[in-house]
Amino acid sequence: MREGQAPRGSQVGVSNSYLAATLLAASASPGTPAATSMQGEENLVEPEGDSFPLMEIGHCETEASEQWDYVLVADLRTQKDPQQMQQQWQFLEELRRKGFHTKMIKDQKQVFFGIRADNSIFDLYRTLLPEPEGLACRAQQASSVPVTTGIRIVNFVVQKNKTSAGKTFENLVKDGVFETSFPLHKEEQQLKTWAQWRGMFRKQPVNEIRDYFGEKVALYFAWLGWYTYMLVPAALMGLVIFLSGFSLFEASQISKEICEADNILMCPLGDHSRRYQRLSETCTFAKLTHLFDNDGTVVFAIFMALWATVFLEIWKRQRASVVLLWHLYGWDEDQEEMALELINCPSYELRLHEHSYLRSTVILVLTLLMIFLMIGMAHVLVVYRVLASALFSSSALPFLEEQVTTAVVVTGALVHYVTIVIMTKVNKLVALKLCDFEKPRTFSERESKFTIRFFTLQFFAHFSSLIYIAFILGRINGHPGKSTRLAGLWKLEECHASGCMMDLFVQMAIIMGLKQTLSNCVEYLGPWLAHKWRSKQASAPARDPELRDWQRNYLLNPVNTFSLFDEFMEMMIQYGFTTIFVAAFPLAPLLALLSNLVEIRLDAIKMVRLQRRLVPRKAKDIGTWLQVLETIGVLAVIANGMVIAFTSEFIPRVVYKYRYSPCLKEANSTVDCLTGYVNHSLSVFYTKDFQKPDGIEGSENVTHCRYRDYRHPHHYTLTKKFWFLLAIRLAFVILFEHVALCIKLIAAWFVPDVPQSVKNSILEKKYEKMKERQPPTPTHPTSASIFSARSTDV
């Protein structure tokens with residue numbers, strides 16, 4: 001063994017003499033007089049061969065009192081490369097000059113470097129940010145700060161630290177000098193109890209999560225818990241609306257007429273169906289459609305608009321109470337980042353806000369191009385469905401030949417799900433490139449811009465096909481005998497004989513079901529299998545307990561800045577499915593509730609048991625995600641109003657009931673007011689007008705067939721009924737949106753964002769501060785004192 005080289009498994013402690021230094025000297029940058037003098041006090045040995053300069057001469061501290069919360073990792077082979085060792089030494093030397101302690105431990109494959117900030121760094125942090133750190137700070141000594149703050153400071157400085165050659169930690173990782181860095185997990189028994197399946201219905205320990213993972217993670221779980229709790233009334237309401245359809249499963253007049261319509265022949269749907277279908281053959285579909293396309297749909301859509309508003313308003317109140325408890329109500333994120341920058345480099349110069357119209361224009365154009373690409377993906381789905389119809393109709397399987405429409409809808413939803421998975425990766429890369437091109441000033445600003453870009457692209461990726469099915473499918477097809485064709489060859493697909501509502505329901509059920517089940521399985525099994533594989537490939541556990549703990553943390557799955565972001569994005573997309581188009585899928589809140597009960601536990605298990613510890617981040621709200629939630633709420637009102645007006649049969653039923661029904665002739669008639677609606681809503685087409693009538697089975701005995709539309713017979717132009725219905729539909733959309741938005745505004749006004757107790761607490765604190773700063777009241781002289789003073793002068 002070479003001289004100066006530590007044996008494998010040995011420990012070499014490194015500490016500094018910064019405890020007695022001043023705050024300015026503690027954060028002095030290299031090259032300043034203070035830093036130079038301190039470097040002399042450190043008396044560090046230059047590296048020779050494969051030895052490492054971590055032995056500090058003249059200083060001896062007991063390692064038992066040292067708490068190492070942050071670790072750098074390098075491959076052991078770097079110890080055999082003098083150049084890489086030199087870069088490691090320069091990087092760690094720069095950290096020591098800034099007031100950090102280091103410690104090296106080797107095992108069979110890796111070299112671990114423990115990093116710990118000196119108390120002077122925390123003193124400087126408290127000087128720059130005099131705001132209190134919260135309840136956890138009161139229980140600690142005056143000279144200490146919460147562990148989460150210490151980890152945040154160390155991580156920031158490590159990531160910003162540079163060698164003399166100007167290389168950051170990220171550059172050194174790319175060069176293979178270091179492998180990774182991460183904060184260490186500690187034994188938190190309460191969090192381990194929380195991260196168990198048996199704690200699924202227990203209240204989340206938000207304060208303990210905050211003390212361990214920081215405010216950002218704690219607010220995520222607080223929001224997710226409240227969202228899941230609020231899903232209970234929405235799920236029950238949706239279930240009641242859905243089950244109420246079963247009470248009308250056999251009693252619906254429309255379903256009865258469809259089931260008894262043996263004498264009505266429907267025109268062939270698309271090119272795949274070359275025979276006339278009796279309307280009574282769609283009896284089952286008609287009954288199923290009525291489960292979620294009934295009068296309760298409108299009530300449920302308005303209820304969900306009110307629910308979304310109440311959910312957000314009460315969450316704002318809860319957030320305000322929690323943040324006040326954490327003493328972060330007046331905390332400013334910009335001040336936090338400036339303080340960390342000054343700790344890292346005292347000569348840091350403030351970067352001001354900038355705006356470039358050229359960059360903004362380029363970003364806007366590129367974003368619109370990506371949105372058009374998402375819309376193009378929806379058109380690709382249209383092409384697939386058209387081609388799949390032709391393929392399934394010519395299939396040798398009898399089932400596919402008879403159920404072509406159902407097979408196309410189901411496989412189309414599966415294709416859409418695969419497209420979403422692929423485009424999610426593409427959208428993230430594009431959003432990152434756009435953010436880097438825009439050059440945001442701070443990390444928080446970059447995160448906010450990235451959130452908006454990524455969510456916008458994801459919204460179109462997830463909902464473009466649903467928009468097509470809800471508002472376009474079956475509406476640009478022309479009519480029998482003169483159909484709109486793709487490339488002049490394939491006829492565009494049409495809705496089922498029972499309407500497009502069934503297609504939208506199936507599409508949402510499949511996509512949402514797959515996202516919830518597959519995503520949860522991949523989200524848990526992926527990290528679990530990866531952790532098992534890494535543990536199996538690892539060397540034997542070390543005898544030293546500290547090294548064993550560092551090895552255990554190293555074998556956990558790595559995390560990055562997007563780990564929590566991805567969890568938020570997953571929930572926002574789910575929230576979109578729960579509110580947007582919920583009129584077509586009233587079971588969406590129930591699926592979301594069941595999924596979230598599992599999601600909370602999966603996230604807890606991942607963060608506590610399977611992943612490395614996330615770097616704690618301060619926060620007083622969920623940031624840009626709140627604006628995303630409010631935007632989804634507005635879009636939900638618009639989309640649900642349009643679904644009820646244009647996709648559902650609600651408006652045609654109401655118009656028929658109050659304009660054409662037999663109830664208008666007799667006031668006390670016992671006849672159902674929807675009697676005759678089916679015949680009223682079907683147009684007549686004469687088979688002689690088909691381009692190739694001989695190719696249709698049974699055409700020699702059929703003179704006319706029916707199809708869903710409002711057109712004149714013979715010349716097939718749109719009737720007055722169609723234009724009257726269109727006017728009523730548009731009027732309903734406007735009325736529905738205004739009523740729902742007014743309800744949202746009234747609910748937002750009625751439920752204040754901030755509780756009065758929080759406002760009064762803040763007001764009292766301001767009052768106390770003003771009283772402390774108030775100068776003493778001058779004593780006014782009395783007449784007796786004035787007379788006494790005058791007599792004395794005389």
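What is the handedness of the crossing of α18 and α19? The crossing is right-handed; a crossing has this hand if the near helix is turned clockwise from the far one by less than a right angle, and is left-handed if anticlockwise. This is a predicted model, in which local features need pLDDT of at least 70, side-chain atom pairs count only at pLDDT 80 or more, and totals for chains, interfaces and linings use all residues. Residues are numbered from 1 along each chain as its sequence is written, and side-chain values use heavy atoms, with hydrogens and water left out.

Helix α18 covers residues 443-471 and helix α19 residues 501-537. Helices (H or I, at least four residues) and strands (E, at least two) are DSSP runs numbered from the N terminus. The axes of α18 and α19 are 9 Å apart and form an angle of about 165 degrees; axes are lines fitted to C-alpha atoms, for helices over the stretch in contact, and angles run from 0 to 180 degrees between N-to-C directions. The two helices are therefore roughly antiparallel, given that angles over 145 degrees count as roughly antiparallel, under 35 as roughly parallel, 65 to 115 as roughly perpendicular and the rest as oblique.

Helix α9 (residues 206-213) packs on helix α10 (residues 215-247) at about 150 degrees, with axes 7 Å apart, which means that α9 is roughly antiparallel to α10. Their crossing is right-handed. Helix α21 (residues 563-579) meets helix α23 (residues 624-647) at an angle of about 20 degrees, the axes being 9 Å apart, so α21 and α23 are roughly parallel. Here too the crossing is right-handed.

Salt bridges come next. A salt bridge is a side-chain nitrogen of Lys or Arg within 4 Å of a carboxyl oxygen of Asp or Glu, and the count by this rule is 30. One of these pairs is K160 with E341, whose closest N and O atoms are 3.5 Å apart. K160 lies in helix α6 (residues 147-160) and E341 in helix α14 (residues 333-344), so the pair ties together parts that are 181 residues apart in sequence. K160 is partly exposed at 40% relative accessible area, whereas E341 is buried at 15%; buried means under 20%, exposed over 50%, and partly exposed in between (1.4 Å probe, protein chains only).

D295 and R653 form another salt bridge, with closest N and O atoms 4.0 Å apart. D295 sits in the loop between α12 (283-292) and α13 (296-325), and R653 in helix α24 (residues 650-660), 358 residues apart. R653 is buried, at 7% relative accessible area. A network of salt bridges links E93, E94, R96 and R97.

The loop between β13 (704-708) and α26 holds H714 and also Y716. Phi is positive, near 75 degrees, for H714 and near 60 degrees for Y716; neither residue is a glycine. H714 is exposed at 52% relative accessibility, while Y716 is buried at 7%. Helix α26 spans residues 720-750 and contains V733, which is buried at 9% relative accessibility.
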